[in-house]
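Here are my notes on the model you sent over. I kept to the metal site and the aromatic contacts.

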Amino acid sequence: MEIKQSEFITSAVSGAQYPKDNRPEIAFVGRSNVGKSSIINAITNRKALAKVGNTPGKTRLINFFLINNLFYLVDLPGYGYAKVSKAEKEKWGHLMEDYLTKRQELKKVVLLVDSRHKPTEDDVLMLNWIRHHGYPIQVVATKSDKLSKNEIRKNRQVILETLKIAESELIFFSSTNKVGREELINTIFHDIVQQEEVPNN
Ligand SMILES: Nc1nc2c(ncn2[C@@H]2O[C@H](COP(=O)(O)OP(=O)(O)OP(=O)(O)O)[C@@H](O)[C@H]2O)c(=O)[nH]1
Ligand SMILES: [Mg+2]
C-alpha cells in the first residue's frame with residue numbers, strides 16, 4: 001500500500017472529541033519513549049507529523065492522523081514512565097481505558113516494545129489485554145538500528161518467549177533507517193485496506 005496522504009486531524013482527552021466519521025482506527029501502544037510517535041512519522045514519511053520527544057511522556061493526548069482519507073492512525077500516551085505523579089497516572093488510566101475499551105472504530109492495537117530489552121511486565125499486561133479483547137496480535141520491536149544482526153536474532157527469541165507470540169506476529173523496525181518499512185506497512189494495514197478499498201456498490 002502506498003501512503004498518499006496523511007493529515008493531523010485532532011487531539012482528544014475524551015470521547016466527545018474523537019472523530020465522528022466512522023473510519024477504522026489503528027492505535028499504537030507501548031511504553032513511554034518506545035517510539036510510538038516516531039513510527040507514525042516513519043510510516044507517513046513526514047518528519048514532524050506526530051510530536052517526538054527525547055524525554056518520556058511527550059505525548060499526553062490521543063492524537064488522530066487521517067491516512068489516504070481511508071483510516072486513522074492513533075498516537076497514544078505511553079505507560080511506565082516513573083516520573084509522573086499519581087494523579088497524572090490516574091488521568092492516563094482513564095484516558096486510555098475510555099479509548100481502548102469503548103471505541104467501536106478501533107480495529108487493531110499495535111504493541112511497540114524496545115528491541116534492545118526484554119519486554120516489561122507492563123508490556124506483557126498490555127499484550128494480554130489486546131489478546132483478551134480479541135484484537136489481532138501485532139508487535140513491533142522498535143529501534144532495531146541500535147542492534148547488530150546477531151543481537152536481533154537473540155532478542156527476537158526473548159521477545160517471542162516473553163510475550164508468548166508467534167514469529168509471524170513480530171516485526172523488527174527502525175524509524176531512523178526505516179529498514180522494513182514496506183513490510184511493516186503491508187502487514188499492519190493489510191486487512192484494513194482490503195476492507196476499505198473494495199468498492200461497495
Ligand atoms: N535510534 C532510534 N531512535 C528512535 C527510534 N524511534 C524513536 N526513537 C527516539 O526515541 C525517542 C522517543 O520517541 P517517541 O516517538 O517520541 O516515543 P513515544 O513512544 O511516542 O513516547 P511518549 O510520547 O513519551 O509515550 C526520541 O528521541 C526518538 O528520536 C528508532 O527507530 N531508532
Ligand atoms: Mg509519543
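1. Which residues coordinate the magnesium ion (ligand 2)? Ser37 (OG) and Thr59 (OG1) do, at 2.0 to 2.2 Å. Donors here are N, O and S atoms within 2.8 Å of the metal (3.2 Å for Na, K and Ca), and with water not among the atoms, the site may look incomplete.

2. A word on the ground rules: this is a predicted model, where local features need pLDDT of at least 70, side-chain atom pairs count only at pLDDT 80 or more, and totals for chains, interfaces and linings use all residues. Residues are numbered from 1 along each chain as its sequence is written, chains are lettered from A and ligands numbered from 1 in the order written, and side-chain values use heavy atoms, without hydrogens and water.

3. Ser37 comes out at 8% and Thr59 at 13%.

4. On the aromatic side, the structure holds 8 pairs. Rings of Phe, Tyr and Trp (its six-membered ring) pair if their centres lie within 6.5 Å; planes under 30 degrees apart are stacked, over 60 edge-to-face, the rest tilted. Tyr18 and Phe64 are tilted, at 5.7 Å centre to centre and 50° between the planes, and both are buried.

5. Tyr18 also pairs edge-to-face with Tyr99, at 5.5 Å and 85°. Tyr99 is buried as well. Ring pairs link Tyr18, Phe64, Tyr72 and Tyr99 into a cluster.

Key: Buried < 20%, exposed > 50% of the residue type's maximum accessible area, 1.4 Å probe, protein only.
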